[in-house]
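Here is a briefing on one structure. Please keep the sequence and the model open while reading.

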Amino acid sequence: MTANINDPNTKYAHKPEPQETPTKDKLLFFNYHEFLTSDYKSNQSITTDTSLVVNHFPNNYEAKESLQHSSTRIVRIPRVYDTNRYSDVIPQFSVHVPGKEPAALTGSSSEADQGYEVSGVFDDNWFGLTSLTPLVPGWLSVEEFTAIVTRINQLLYDALNPFDYRNAFQSVLDVMSGGTLSLLVNPYSKKKLLELESYIDTDVNVKLAEKCKGLKVIPLRQSGYLSLDFQVPRPHQ
Amino acid sequence: MQPQTSVLSNGETQVTQGSSSTSFETKPMPFIHRFITNWLITDPSLSEKYHHDVPSQAKKNYQIQPHEEMKFIYFFGGRWRSLKQKPINLVTGVLAIIPAVIFWIFESSWVWHQISPSLVIIFTYFWVLSFTLFVRSSVSDPGVLPRNIHIPVSFKQSKVDHAPDEYFNTIALPYYKSEYDGVTVKYCTTCHIWRPPRTSHCGVCNSCCSNHDHHCIFLNNCVGYRNYKYFLWFLLTAVLSSFFIIILPFIHLFHYKLVASSEIHSIHQSIRENPMSLFLIIYGFLCGAYPFLLLCFHLFLTACNITTREYLNYVHGSNGQATSKHKQGSDGFINVFDTRSAWKNLYINWLGRPTRLAAVKLSEDFQQGDLRFKKVYPLETFEV
C-alpha cells in the first residue's frame with residue numbers, strides 16, 4: 001500500500017516492508033587465470049555458443065625468439081586464500097587438480113572422464129572445452145602433482161609463518177639492530193625460501209626432466225610467488 | 001671494422017658498426033667514472049650512455065629501464081632505490097640529523113654530568129635506531145612485484161590485442177573459514193599480473209606493491225610488505241627521540257629551580273645561557289607532532305590489521321563518510337584479515353611478518369629476453 005502524504009490514515013498506517021537482508025552467494029574457488037573465447041577455429045562440429053577454455057599461456061619466461069618459447073606453454077596454478085588465516089603473509093597454491101576446482105568448467109560427465117582433449121585453435125594453440133589442462137593427467141599423475149604442490153606449500157608455510165619462534169626471535173633482533181641484522185645475516189625465512197628454490201631446481205625439475213625435457217616448474221622467485229607455473233610441451237591435436 | 005653488440009637500457013640488443021681502431025677509437029671510461037655511474041648512482045635511463053666503452057659487458061637488472069614511466073634510480077649496485085622526484089626524503093633525513101647534532105654538542109655534556117649518562121646513551125641508541133630504520137624504510141624494496149608475469153595471450157610489438165574480458169573483472173574467492181566474506185583479486189592491466197589481496201598499484205612508483213599501505217612522500221618510497229615493519233618502528237623511535245629532545249632540554253632550562261646555589265635566577269636568564277635548549281624544545285614539538293599523530297593512526301590500523309589504503313578506501317569511504325567496519329551487504333567491507341585479537345594483529349604487523357626474498361633481484365645479471373624488464377602496453381578492453 002503506497003503512502004499518501006495527504007491522508008493521515010494511510011500515511012501513519014503505512015508500514016514499510018522490512019528490509020530484506022541481502023543474501024550472499026557462497027564463494028567457490030576457480031582458476032582465475034583461465035578465460036573463455038568464442039573466437040577460435042574448431043576441429044569438430046561444435047555449436048557457436050560453445051566457448052574454448054584458454055588455460056595454458058605463452059611461456060614468457062623464455063626469450064621470444066627461442067625454441068623453448070615456441071615449443072612450450074605455461075600452466076598456472078593459482079594462489080588460494082582459504083587454507084590458512086595468514087594468506088596475505090604466507091602464499092599458498094591450489095592443490096586442486098587443474099580443471100577440477102570447485103567452480104571449474106567440467107562440461108558433461110563424459111567430457112570430464114575423457115581427460116584433456118583439444119577441440120579448437122586460438123592464438124595458434126590448441127585448447128579444450130573444459131578447464132582440464134595438459135598438465136594433469138597428461139604429464140603428471142594426480143598424486144605426483146598433489147605431492148609437488150603440497151610440499152611447496154609446506155615449505156612456504158615453514159618459511160613465512162609469522163608465529164614461528166625462529167622468525168619472531170630474528171625479527172626482534174633485526175628491529176633492535178635498526179634493520180641491519182637482516183642485511184648481514186640471512187634470516188631464517190630467507191634460508192627456507194632458498195631451500196624451496198633448491199627443492200624446485202634440484203629435486204622436482206630433475207625428476208620432471210626425466211619424464212620430458214620440456215617439463216619443469218618455474219622457480220617461484222621468478223614468478224614473484226604470484227602463481228605456481230608449470231612449463232609443459234605445447235599441446236598438439 | 002668489427003660490429004659491436006650492446007645492450008640498451010630498455011633491454012633490447014643493438015648491433016652497431018664498430019669504429020676503426022686507428023682513427024675513431026673510443027677511450028675507455030675511467031674507473032672512477034664507471035664506478036660512480038654504474039654502481040654508486042645508477043639512472044637506468046642513462047645507462048647506455050655510460051656503457052658504450054664496454055658494449056658487450058653483461059648488464060645488471062637494475063641497469064635496465066623498460067620505459068620512461070619507470071622512475072627509479074639505484075644506489076650501491078641496485079641495493080638501494082629511490083624515485084626521481086623531489087628528494088623530500090633527504091630533507092626528512094636532514095631534519096632528523098639536525099636536533100641530534102645540536103643535542104650532542106650543547107646538551108649531552110650537561111645531561112651526562114648533571115642527570116645521568118644513561119639518558120644520553122638511551123637517546124643516542126633511539127636516535128641511531130630511528131635513523132637506520134628511516135634509511136631502511138626509505139631505500140629498500142617495499143615489495144615491488146615483477147611485471148608481465150600473467151600476460152594472457154601472445155603479443156606483438158609490445159601490445160596485447162584482444163584482451164580477455166575476464167581479466168577486467170574483480171574476482172571474489174573464499175577466505176579461511178569464510179566462504180561468504182572472501183578476498184578479492186584483480187588483474188593489474190599495467191603490470192600484467194593477477195594481484196593478490198592487499199596488493200595495489202602505486203601510481204607514483206608505477207609498480208604493484210605487495211601489502212601496499214601507502215606511498216610516503218617523506219620517504220620517497222612506497223610502504224609495503226617488506227618495509228612496513230621498519231616504517232612502524234621508525235615512527236616509534238622517532239617519537240621517543242622527540243620526547244628526549246623535548247624533555248631533557250626542558251629539565252636543563254628549569255634546573256635552576258632545583259639547585260639552590262645556581263647562578264641562574266630566572267627563566268629568561270636560563271634561556272639566555274642555554275638558547276639551544278629552547279630551540280630543541282620548539283624543534284621537538286614541531287617535528288615530533290606529525291610523527292606522533294601518524295604513530296597513533298598506525299597503532300590503530302595495525303591493531304585492526306588493516307592497511308591505510310583499505311581504511312581510506314573502504315572503512316572511511318571515498319565520499320568522506322564513515323562506513324561500518326562490519327557492515328554486511330553488497331557494499332559493506334569486511335576485513336577478513338582481522339584476527340579479532342588486537343595483540344595478534346599488532347604482533348603480525350610490528351614483529352611477525354618474516355622477511356621475504358625480493359621478487360626481482362636487481363643485482364643479478366640481466367637475461368636477454370627477460371619479459372619482466374620489457375615494456376608491454378596496458379591491456380585495453382576495446383580497440384579505439
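A salt bridge is counted when a side-chain nitrogen of Lys or Arg lies within 4 Å of a carboxyl oxygen of Asp or Glu. By that rule, the structure holds 14 salt bridges over all chains. The model is predicted.

**Salt bridges**

- Side chains of opposite charge can pair when their charged atoms come close.
- In chain A, Asp203(A) pairs with Lys207(A), and their closest N and O atoms are 3.1 Å apart.
- Both residues sit in helix α8 (residues 188–211) of chain A. They are four residues apart, about one turn of the helix.
- How exposed is each partner? Asp203(A) has a relative accessible area of 30%, so it is partly exposed. Lys207(A) stands at 53%, so it counts as exposed.
- In chain B, Arg198(B) and Glu310(B) form a salt bridge with an N to O distance of 2.9 Å.
- This pair links distant parts of the chain, 112 residues apart. Arg198(B) is in the loop between β8 (193–195) and β9 (200–202) of chain B, while Glu310(B) is in helix α7 (residues 308–315) of chain B.
- Arg198(B) and Glu310(B) are both buried.
- A network of salt bridges links Arg198(B) and Glu310(B) with Asp88(A).
- Asp338(B) and Arg340(B) make a further salt bridge, at 3.3 Å from N to O.
- Arg340(B) has 55%, so it counts as exposed.

**Helix packing in chain B**

- Two packed helices are described by the angle between their axes and the distance between the axes.
- Helix α3 (residues 117–139) of chain B and helix α4 (residues 228–254) of chain B have axes that come within 8 Å. These axes cross at roughly 145°.
- The crossing of α3(B) and α4(B) is left-handed.
- On the α3(B) side, the residues in contact include Leu119(B), Ile122(B), Phe123(B), Phe126(B), Trp127(B) and Leu133(B). Ser130(B), Arg136(B) and Ser137(B) are also among them.
- On the α4(B) side, the residues in contact include Tyr230(B), Phe231(B), Trp233(B), Phe234(B), Leu240(B) and Leu248(B). Thr237(B), Ala238(B) and Ser241(B) are also among them.

**Nonpolar surface patch**

- Which residues make the nonpolar surface patch of about 670 Å²? They are Phe31(B), Ile32(B), Phe35(B), Ile36(B), Trp39(B), Phe76(B) and Trp80(B).
- Helix α1 (residues 31–40) of chain B gives the most to this patch, with five residues.
- Phe35(B) lies in helix α1 of chain B. Its relative accessibility is 30%, so Phe35(B) counts as partly exposed.

**Chain A overall**

- Chain A has eight helices and nine strands.
- Chain A has 237 residues, and 50% of them count as buried.
- Take contacts in chain A between residues at least 6 apart in sequence: 61% of these join residues at least 24 apart.
- The accessible surface of chain A is about 11,800 Å². Carbon and sulfur atoms account for 53% of that surface.

- Lys344(B) is placed in helix α8 (residues 342–352) of chain B.
- Its relative accessibility is 37%, so Lys344(B) counts as partly exposed.
- Which residues does Lys344(B) touch, not counting those up to four places away in sequence? It touches Tyr86(A) and Phe163(A) in chain A, and Thr339(B) in chain B.
- The C-alpha atoms of Lys344(B) and Ala303(B) are separated by 8.0 Å. Along the chain, these two residues are 41 residues apart.

**Backbone details**

- The peptide bond from Val136(A) to Pro137(A) is cis, with omega near 5°. Pro137(A) is in helix α4 (residues 135–139) of chain A.
- Lys177(B) has a phi near 55°, a positive value in a residue other than glycine.
- Lys177(B) lies in the loop between β6 (170–175) and β7 (178–188) of chain B. With a relative accessible area of 73%, Lys177(B) is exposed.
- Arg340(B) is not a glycine, yet its phi is positive, at about 70°. Arg340(B) is in the loop between α7 and α8 of chain B.

Key
Residues numbered from 1 in each chain as written. Chains lettered and ligands numbered in written order. Predicted model: local features only at pLDDT ≥ 70, side-chain atom pairs only at ≥ 80, totals over all residues. Heavy atoms only, no water. Patch = residues over 30% accessible without salt bridge, like charges linked within 9 Å, V, L, I, M, F, W, Y side chains within 5 Å. Areas by Shrake-Rupley, 256 points an atom, 1.4 Å probe, with all protein chains shown as cover. Helix = DSSP H or I, 4+ residues; strand = E, 2+ residues; numbered from the N terminus. Buried < 20%, exposed > 50% of the residue type's maximum accessible area, 1.4 Å probe, protein only. Axes fitted to C-alpha atoms, helices over the stretch in contact; angles between N-to-C directions. Left-handed = near helix turned anticlockwise from the far one by under 90°. Contact = heavy atoms within 4.5 Å.
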